[in-house]
Amino acid sequence: MEGYLQLVIVGYMKRWGELIYFLDSDDYICERAVSSLVELYNQTQASIVVGNLKIVDHQTGEVMRNSIQLPLSYYFFKSLKDLYACREIVEMDLNGIACNKLIEKNFLLENNLFFDIGMLFEDDIWSYKVYCCKPKIAVSSIPTYVYRMRPSSIMTTFTERHFYSSVKCADIAILYGHHVQQSPNHWFVINGIERYIIGALYKSFDKVKLKDTYSRLYRRYRKKHRPSFELWSNPNVPLATKVKSLHYLLPCILGEKFLLLFLKRQQKIMRKLYPHQAALPTIKLSDSFWSEIE
């Protein structure tokens, strides 16, 4: 993680080292956090056990988002389709971070789930790959984790390295997704590829000074990736993704303009929702940027 060490705590049940728990050094866990997650693991045998969390300001300790109030003591999902159909769990926003997750070590090793190095957002793309591997997920309603939001965190600043990492996340998602076998969670795989591509393209349009950056990056992804018809035919892929992805069906120059219309609309929405990020200055890419991402 940028600016601080990511710690890994090894939990145990019958033998030391069967479970791994992730904790960022800036944050802290609640009393009995790990033991309560281990108890839920023993009860469900889930590949991943996740606890509830709250977000506080790093400096003042002010609660920015309290833990989500859940009607059940825990939830158990055998598929991502079931998880994303549960509104309460979607509100918890479990994607994108490794912290506050207790995971079977064998699950990680058998699926070759290691962090990509040399980039930001490594836990985001790692979480995507984890979810692609058909995990069984248990979610506890018990608050176990306190995430401290720092004013200089990777979520509140933007540099060339942030943009580089967004581009590389999309590259990794494309490469990884093309090698994932068909499964009940395949909709998540193909939707994730488009999510990372659109994310990188949005940043190229919103935060990079050079006007041709979006166009150059768009053409780059058109060469790297061509989705199958399943993107539009699979009922579990969100409608918004299907509509945005219609650009693939158009000639490159028209597809580029078609998608840009959606990104401009998204920009208006994002600037209202996240005024701090909207206020961040745009960046100028170094002369070596394009050679470094290849």
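This report looks at a helix pair, the aromatic residues and one arginine in a predicted model.

## Where H7 meets H11

Let's start with two helices, H7 (residues 186-206) and H11 (residues 252-273). Their axes come within 10 Å and cross at roughly 75 degrees. An angle of 65 to 115 degrees counts as roughly perpendicular, and H7 and H11 are therefore roughly perpendicular to each other.

Which residues make the contact? On the H7 side they are Ile198, Leu201, Tyr202, Phe205 and Asp206. H11 answers with Leu259, Leu260, Leu263, Lys264, Gln266, Gln267, Met270 and Arg271. Sorted by class, the contact of H7 with H11 has eight nonpolar residues, along with two polar and three charged ones.

## Aromatic pairs

The model holds 14 aromatic pairs. One of them joins Tyr75 and Phe77, whose rings are stacked, with 6.2 Å from centre to centre and 5 degrees between the planes. Are these two residues buried or exposed? Tyr75 is buried, and Phe77 is buried as well.

Tyr214 and Tyr218 are both buried.

## A cluster and a charge over a ring

Some aromatic residues gather into a group. Tyr84, Tyr128, Tyr131, Trp187, Phe188 and Tyr196 form one aromatic cluster.

The charged end of Arg195 sits over the Tyr196 ring, at 4.6 Å from the ring centre. So what does Tyr196 take part in? Tyr196 belongs to the aromatic cluster, and the Tyr196 ring also has the charged end of Arg195 over it.

## Arg219 on helix H8

Back in helix H8, we find Arg219. How accessible is Arg219? Its relative accessible area is 38%. Buried means under 20% and exposed means over 50%, so Arg219 counts as partly exposed.

Which residues does Arg219 touch, leaving aside those up to four places away in sequence? They are Cys252 and Glu256. For a sense of distance across the model, take Arg219 and Leu120: these residues are 99 residues apart along the chain, and their C-alpha atoms are separated by 24 Å.

Note on methods. Residues numbered from 1 in each chain as written. Predicted model: local features only at pLDDT ≥ 70, side-chain atom pairs only at ≥ 80, totals over all residues. Heavy atoms only, no water. Axes fitted to C-alpha atoms, helices over the stretch in contact; angles between N-to-C directions. Helix = DSSP H or I, 4+ residues; strand = E, 2+ residues; numbered from the N terminus. Parallel < 35°, antiparallel > 145°, perpendicular 65-115°, else oblique. Contact = heavy atoms within 4.5 Å. Nonpolar A, V, L, I, M, F, W, Y, C, P; charged D, E, K, R; others polar. Phe/Tyr/Trp six-rings, centres within 6.5 Å; stacked < 30°, edge-to-face > 60°. Buried < 20%, exposed > 50% of the residue type's maximum accessible area, 1.4 Å probe, protein only. Lys NZ or Arg CZ within 6 Å of the ring centre and 35° of its normal.
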